[in-house]
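Dear colleague,

I am handing over the structure below, and my notes on it follow. Please read them with the coordinates open beside you.

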Amino acid sequence: MAGPRFVADPPEAARTVALETLTAFYHAPSGTTHILAPPAPQILEALAGRPGEADEVLARIGERFELASDDAPAAIAARLAELEAAGLVRRA
Amino acid sequence: MSASVVARLLADPAAAAEVEDWTAVFAAARGESLTGSLAFRLKGLKLPDKVGRLLADARGAAEAGRTQALWEAEMARRALAPLGLPIVLLKGTAYVAAGLAAGTGRSIGDLDILVPRTALPEVERALLAAGWEWVKEDSYDDLYYRRWMHELPPLIHSTRDRMIDVHHTILPLTARPKPDAEALVADSVALGNGLHILCPEDMVVHAAGHLFADGDLAGGLRNLWDIDRLLREFEGAEGFWQRLHDRAARHGLLSAVHRAGRLANDLYGTPVPEGWRVRDGADPLFKSRLLARDGWGHPTRRALRFGFYLRSHWLRMPPLMLARHLWRKARRRSEPA
Amino acid sequence: MRRLELRIGPVSFRIGSAWAGPLDQLECLYAGYPAAEAPCDFTVRLEPARPWRRFLRPSVAIAGDYWLPDTAPLPLSLGLLAAEMGMNLQMALGQRRYLLLHAAAVEREGRALLITGPSGAGKSTLAALLGERGWRFMGDEFALVGLDDGLLHAFPRAVSLKNEALALFPDVAPERLGPLLEGTPKGTIRHLRPNDEAVARMDQPASPALILFPRFDRELEPAVRPVGAAEVFVRLTQASTNYVALAEPGFAALTRLVTNVPGRAIDYATGEQAVALVERLWEEVR
Amino acid sequence: MSESDHTSPSEGGFAPSRRTILALGAAAASTVVTIRPAFANTAVSVLNCQIPVPSPDQAGNFIAADGSVVPPGTPGAFPPAPRPLTGEEVKALLHNGPTPAGLDADAAQAYVKYIGRLHAGTSGFTCFASLQMPR
C-alpha cells in the first residue's frame, strides 16, 4: 500500500497525562490540548520524528501490540486523516 | 492624554520611574493593543511588584498569541504547500516568524498572506478544501471584494476559528497609489520552511502604506511602533535609506513612508535621515489622531476620529465610486422589512 | 467619570461610571472589603450607550479593558448589575494569573470544595447556603486555581440570588442585601454580601479536595455518581474561559487538579438534600 | 471513541507491555477531540447579549427557512427580525421553548437556524457562543 508519508513532532513537543484510558495531550507548537483515545497516542509515538506511511505505522505499532481490527488499512487511514486535520501529523 | 504616556514609555522605558497612575497606563495600552510590546520594553526595570506582575501576565499573553499566530501560518503552509507557490507572510505574523524586534510582544489578530494575483483561484480552492470557510455569503460584498479589493473576502477556519486574509497586493485596487505587487513577491525573502516575508524595504513601505494610505488610523499607535522597530532594525544596513526611498517611490508610497518616518521620529525618537525632517502642516492632526485615547482606555476626539474615518473611504475610492458604494449601503439599510 | 476602586481576593478593579447611582450601590454592597491594590488589574467603564442616553432614558453600556461585541446595554436601574457584569467580563477575558473556572467554592479546615455546572444547577445558592452553615464562602462565580501553587484562591464577590432563593436565607442581616433588581436577563435578582468571615479571610487560599457537579430539579431523587478524571478534565475546560489562552501552564494546572482531586455528580431536589449530600461526600474524601 | 482493552491507567499512558490488544477503531470512529476555547456558561452571567438577525452589514435581507441570508422578497423566506433577539430568547428557542413576543413561530425557527450558522467575527457570534452549554 503506497500512500503518503506522515511525520509527527518529536516527543519533547508534547506533554501528556494519562486520564483513565484516555490521554490529555498538550501540543506545544499549536498551544492546543487534545484528548486522545487509543490508538491515536500510539500512532503519534510511532511517527514522532520518524516519517512513515500507513503500512510502516502498522508495523511499528504491531511490534508492541496485538492489533485488533476488521479492516486495518481503512482504520489506520482514518486515524491518520484525523491526526492530520488536528495538525498532529503532517505530510513528510 | 494617556496614549501619549504609553508612547513615551515605549520610546524611553526609563520614564517608568515617573509614572504615577499605572492603572491609566494599562487601560490606554490595552486600548491600543500595546500591552505586550510595553511589557517586553519595560522588562528588567525596577518597578513596583504589582506593576511587574501585570507586565509579566502581559508577556505571557503575548507569548501565547505568538505561538498561535505561528501555528496558523504553519497550517496555511501545509494547506498551500502542494501548490508550490511563494506564500508571503505579512504584518505581525511576518515579524514573529522572522524574529524581528517588531514582533516582540506584538498583538496579532488575523493571518495575512500575500500571493501572486494569478494564483488566487487555486489558493482559494486549497484553503476551502483544508477547512477554511467564507465568513459570509453576500454577493454584493463578494463582488465588491473581487472587483475592488486587494484581498479575498475573509475566510475563517471552521475548527480553529482564526481568520485568514489572502492579499494579492497591499492597497485596494481603487486607491490612487499602485504598488508593484509582482515586485513585492519577486523580491520577498524565503524563511527556509516554504514561507516568505517581504524584503526589509517593502516591509516598511507596507506598514507605512497601511497606516497612512489606507485605514482610518484606529490602532495606529501600534502600527507606528512597528515602523519604529523596523527602521531601527534595518537602518544599519549599507544604503538602506536610499533603497527605502527608491522602493517607496516605485510603489507610489513615498509620501506615506515620509510621514511614517516623521511621526515615528516625533513620537518614538526613531532615527530618520536629516532630509526627511521637514515641516508638514497635516502632521499635527495625524499625531492627535494617533494619541486619541485617555487614561480610562476611552477613545477621545470624536470629530477628529470621524474625519479620519471619512478620509479612509476617500482614499480607497474615487469620488464617483464612493458615492455609488455609499448609496448601495444606504439603500440596503433602508430596504423595507 | 466617577470612580470607585474595589479589591476582591487577589484582583483589584477600577470602576468608572457616568452616573453616581451604580457606584453608590456598589460601595454599599461591598462595604468592609479591603482597599484596592494599585495599580488595578482591570478597568470597567459604565457609559451612556449613546451620548444622549446619559439623561434621556439612561442606558448603561458595559465597556472596559476587555469587552465583547453584542453586549446589550442595560437600563440605569440595573446599573449595579452592569458593574458586576463588567467585572466578570474583565476576569473572563483578561485574567492570566489564575486558571479561571466557572465554579462556586467553599472551604473547611483548609480544604476546598468546588461546585461547577451549567447555570441553573444551583451553584450559587448551594455555596451561599454552605457559607451560612459553617463553611467559608470563597466565591460563587469564578474559582481561581493558582498556576504556580495549584491552590484555590478566593474570589468572594457578592452572590447573585434569584428572588425565589432569598427565602432560603431568612436570617441574614438586611444590610448584607443589595437593591432588588427587576427585569434582569435572569429575572428578579438580589445580591447578598458574603459574611464577615468570608471577607476577612479572602486572602487565604485552600487546597482543592472535591469537585462537585450538581444537578437540580424538583423531580430528582437524591443521587451520587463518581465522575472520572477524563470527564472532569473535559468539563472543566468547557467551564473555563481562559484555559486555552493560558496554554501550557493551564494544562499543567488542570491536569494536576483532575488527577489529584476526585469528582462527583449529585442530583438533588431541595437545598437541604444538597447540603446533606455534600456533608456525606466530604466525610468520604477526608 | 474507540477502546483499547487491558490498558490500565496506572501504566502511565501508552507504553504498555507486549500482547496488549490495541483496537484500531472503526473508520468512522473518532479518537481525537480538540479542546476549543469556551466562553462557557460564564458568559451568560457575564453578558446580557443580543443577536441582530441578520447582521447589520446584511440588513434588509431576508432569512430563508434553512437559515441562509437571501435577497429581500425571496419567496418562502422571512423578513429580518424586527428587533435583535436577546440571548435568553435564543436559548429558549434552542431548547424548543416559546416563540419570543412579536415574532412569527416559523420565522423564529429560521432565525435560530441563521444564528446556528454564525461564525466568529460576525455580529452576534459571541452571544451565540456564550449560550453553548457544556454537557
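**Second largest pocket**

The residues that line the second largest pocket comprise 20 nonpolar, 8 polar and 12 charged ones. Please keep in mind throughout that this is a predicted model. The lining is made up of 40 residues, and those nearest the centre of the pocket are C:Glu47, C:Ala49, C:Arg50, C:Ala61 and C:Ala63, while the volume of this second largest pocket comes to about 1,600 Å³. Two chains contribute elements that each supply at least two residues of the lining, namely α2 (22-31) and α14 from chain B, and β3 (42-48) and β4 (59-64) from chain C. Of the contributions to this lining, that of β4(C) is the most, at 4 residues.

**Helix α14 of chain B**

Helix α14 of chain B, which spans residues 302-316, also holds B:Tyr309. This tyrosine, B:Tyr309, has a relative accessible area of 37% and is therefore partly exposed, the class that lies between the buried limit of 20% and the exposed limit of 50%.

**C:Gln273**

In chain C, helix α8 covers residues 271-285 and includes C:Gln273. Because its relative accessibility is 25%, C:Gln273 likewise counts as partly exposed. Although C:Gln273 and C:Glu221 are 52 residues apart along the chain, their C-alpha atoms are separated by 9.5 Å.

With best regards

Note on methods: Residues numbered from 1 in each chain as written. Chains lettered and ligands numbered in written order. Predicted model: local features only at pLDDT ≥ 70, side-chain atom pairs only at ≥ 80, totals over all residues. Heavy atoms only, no water. Buried < 20%, exposed > 50% of the residue type's maximum accessible area, 1.4 Å probe, protein only. 1 Å grid on protein atoms, 1.4 Å probe; cavity = no way out; pocket = protein on both sides within 12 Å on 5 of 7 lines; lining within 4 Å. Points joined across faces, edges and corners; volume = space filled by probe spheres on them. Nonpolar A, V, L, I, M, F, W, Y, C, P; charged D, E, K, R; others polar.
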